[in-house]
Amino acid sequence: MKYLFDSSYYSLVVRDQDKVVAFCLTHGADINYNSPNYIWHSKNSEDPNFVYIDRVVVHEDYQNL
């Protein structure tokens with residue numbers, strides 16, 4: 001996870017006081033990331049400056065609010 005955050009183009013963390021309740025990670029083009037979906041988009045995107053939304057995670061207690 002540290003590598004994913006460190007290599008992210010943009011990351012967002014949502015907190016409820018001191019508790020992390022959600023996060024989102026995105027990646028730009030040309031990073032060393034072995035995700036099959038990221039690799040596919042890297043090879044098939046017509047935009048060399050694409051941004052890939054990798055993960056959106058929301059704690060179950062904060063879903064559907």
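**Exercise 1. Which pattern does the chain follow, read along the sequence?**

Solution. This is a predicted model, in which local features need pLDDT of at least 70, side-chain atom pairs count only at pLDDT 80 or more, and totals for chains, interfaces and linings use all residues. Residues are numbered from 1 along each chain as its sequence is written, and side-chain values use heavy atoms, with hydrogens and water left out.

Step 1. Take helices (H or I, at least four residues) and strands (E, at least two) as DSSP runs, numbered from the N terminus. Step 2. The chain holds 2 helices and 3 strands. Step 3. Along the sequence they give the pattern α-β-β-α-β.

**Exercise 2. Compare the radius of gyration of the chain with that of a compact globule of 65 residues.**

Solution. Step 1. The radius is taken over C-alpha atoms, and the globule rule is 2.2 Å times the number of residues to the power 0.38. Step 2. For 65 residues a compact globule would have a value near 11 Å, whereas the chain has 14 Å. Step 3. Along the principal axes, the C-alpha atoms fill a box of roughly 40 × 25 × 20 Å. Step 4.

**Exercise 3. Describe the burial of the chain and find its largest nonpolar core.**

Solution. Step 1. Buried means under 20% relative accessible area, exposed over 50%, and partly exposed in between (1.4 Å probe, protein chains only). Step 2. Of the 65 residues, 26% are buried. Step 3. A nonpolar core is a set of buried Ala, Val, Leu, Ile, Met, Phe, Trp, Tyr and Cys residues joined through side-chain atoms within 4.5 Å. Step 4. The largest such core has 7 residues, namely Leu4, Phe23, Leu25, Tyr33, Tyr38, Phe50 and Tyr52. In soluble globular proteins, nonpolar side chains tend to be buried together.

**Exercise 4. Locate Tyr52 and list what it touches.**

Solution. Step 1. Tyr52 lies in strand E3 (residues 51-58). Step 2. Tyr52 has 11% relative accessibility and therefore counts as buried. Step 3. With contact meaning heavy atoms within 4.5 Å, and not counting residues up to four places away in sequence, Tyr52 touches Leu25, Thr26, His27, Ser35, Asn37, Tyr38 and His41. Step 4. The C-alpha atoms of Tyr52 and Tyr9 are separated by 8.8 Å, although these residues are 43 apart along the chain.

**Exercise 5. Is Ser7 buried or exposed, and which residues does it touch?**

Solution. Step 1. Ser7 sits in the loop between helix H1 (2-6) and E1. Step 2. Its relative accessible area is 17%, so Ser7 is buried. Step 3. Leaving out residues up to four places away in sequence, Ser7 touches His27 and Ile31. Step 4. Its C-alpha atom is 8.9 Å from that of Thr26, 19 residues apart along the chain.

**Exercise 6. Examine the positive phi values of Gln17 and Asp30.**

Solution. Step 1. Most residues other than glycine have a negative phi. Step 2. Gln17 is not a glycine, yet its phi is positive, about 60°. Step 3. Gln17 is in the loop between strand E1 (10-16) and strand E2 (19-28), and it is exposed, with a relative accessible area of 73%. Step 4. Asp30, likewise not a glycine, has a positive phi of about 65°. Step 5. Asp30 is placed in the loop between E2 and helix H2 (36-44), and at 75% relative accessibility Asp30 counts as exposed.
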